[in-house]
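Take a look at the sequence and the 3D structure below. Then read on for a short tour of the inside of this protein.

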Amino acid sequence: GPAAPPGLDAQAGDKEVRLKWEAPGTFLDGMPTSGELRYVVLRAAGDGALARVTPAPITGTTFTDKGLENDTAYRYAIQAVRVDRAGTALGAASAAVAATPVDTTPPSAPTRLIGISASGSVSLAWNASPEEDVTLYAVYRAEGTGVFLRIATTQRITTVYTDRDVQPGRTYRYAVTAIDRARQANESQRS
């Protein structure tokens, strides 16, 4: 059978891992490869055993494994298969490489932000972002044309906030963002 495919590289994405590798140049006995080569992708979650991801061998030297769990460690290896009239010969597996998909998709911004000023306070309300993984809303305030600064956060179930640190006669602008529960939290655009 073919030697192990060299150069296996795994790039983690959001619920996916992109793999690429090189074709082996020789068979296990050292002879140059000939005939058609295909590949079997092997995967393990955590410390589990490597098992086939591709039901049938694939022809290319790239593969994207989709529908994975974020924040789960996966290991991958590739086996080359020589295909000819006489049958197939399965080669040695490559060294395994590890990849951990992560959530990199920010939630959508909260909508319909309104502010109602009263003496000494401004009450804000907004429509929640629809994503299930939202854990916090961040409230930002700018004075006049100044820069927005984060002044508060609220829990997912709270879509109102009252700013009591306001001065009469000054103009304030507000914005709200949604923040998800990813290990490296993703923040939406401002409302």
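Keep in mind that the model is predicted.

**The cores**

Start with a general rule. In soluble globular proteins, nonpolar side chains tend to be buried together.

Here, the largest nonpolar core holds 15 residues. Those with the most contacts inside this core are Val17, Leu19, Trp21, Tyr39, Val41, Tyr76 and Ile78. Strands E2 (16–20), E3 (36–45) and E6 (74–84) each give two or more residues to this core. The largest share comes from E6, with four residues.

Now zoom in on Val41. Which residues does Val41 touch, beyond its neighbours within four places in sequence? Leu19, Trp21, Tyr76 and Ile78 are among them. The list also includes Ala51, Arg52, Val53, Thr54, Ile58, Phe63 and Ala77.

A second core is separate and has 12 residues. Val122, Ala152, Tyr172 and Val176 are included in this second core.

**The aromatic pairs**

A pair of aromatic rings is described by the distance of the centres and the angle of the planes. The count for this model comes to two aromatic pairs.

| Pair | Centre to centre | Angle between planes | Type |
|---|---|---|---|
| Trp21 and Tyr39 | 5.6 Å | 65° | edge-to-face |
| Trp126 and Tyr137 | 5.8 Å | 65° | edge-to-face |

Why does the pair of Trp21 and Tyr39 count as edge-to-face? The planes of the two rings are at 65°, and the cut-off for this type is over 60 degrees.

Trp21 sits in the loop between E2 and E3, while Tyr39 is in strand E3. The pair therefore ties together parts that are 18 residues apart in sequence. Trp21 and Tyr39 are buried.

Trp126 belongs to strand E10 and Tyr137 to strand E11, so this pair links parts that are 11 residues apart in sequence. Trp126 and Tyr137 are both buried.

**A buried serine**

Ser129 is in the loop between strand E10 (121–127) and strand E11 (134–143). Is Ser129 buried or exposed? Ser129 is buried, because its relative accessible area is 4% and the cut-off for buried is under 20%.

A polar atom of the Ser129 side chain lies 2.6 Å from the backbone oxygen of Ser108. Leaving aside neighbours within four places in sequence, Ser129 is in contact with Ser108, Ala109, Pro110, Val134, Tyr137 and Ala178. One of these, Tyr137, also pairs with Trp126.

Technical notes. Residues numbered from 1 in each chain as written. Predicted model: local features only at pLDDT ≥ 70, side-chain atom pairs only at ≥ 80, totals over all residues. Heavy atoms only, no water. Core = buried A, V, L, I, M, F, W, Y, C linked by side-chain atoms within 4.5 Å. Buried < 20%, exposed > 50% of the residue type's maximum accessible area, 1.4 Å probe, protein only. Contact = heavy atoms within 4.5 Å. Polar contact = N/O pair within 3.5 Å; in protein donor to acceptor, adjacent residues only side chain to side chain. Phe/Tyr/Trp six-rings, centres within 6.5 Å; stacked < 30°, edge-to-face > 60°.
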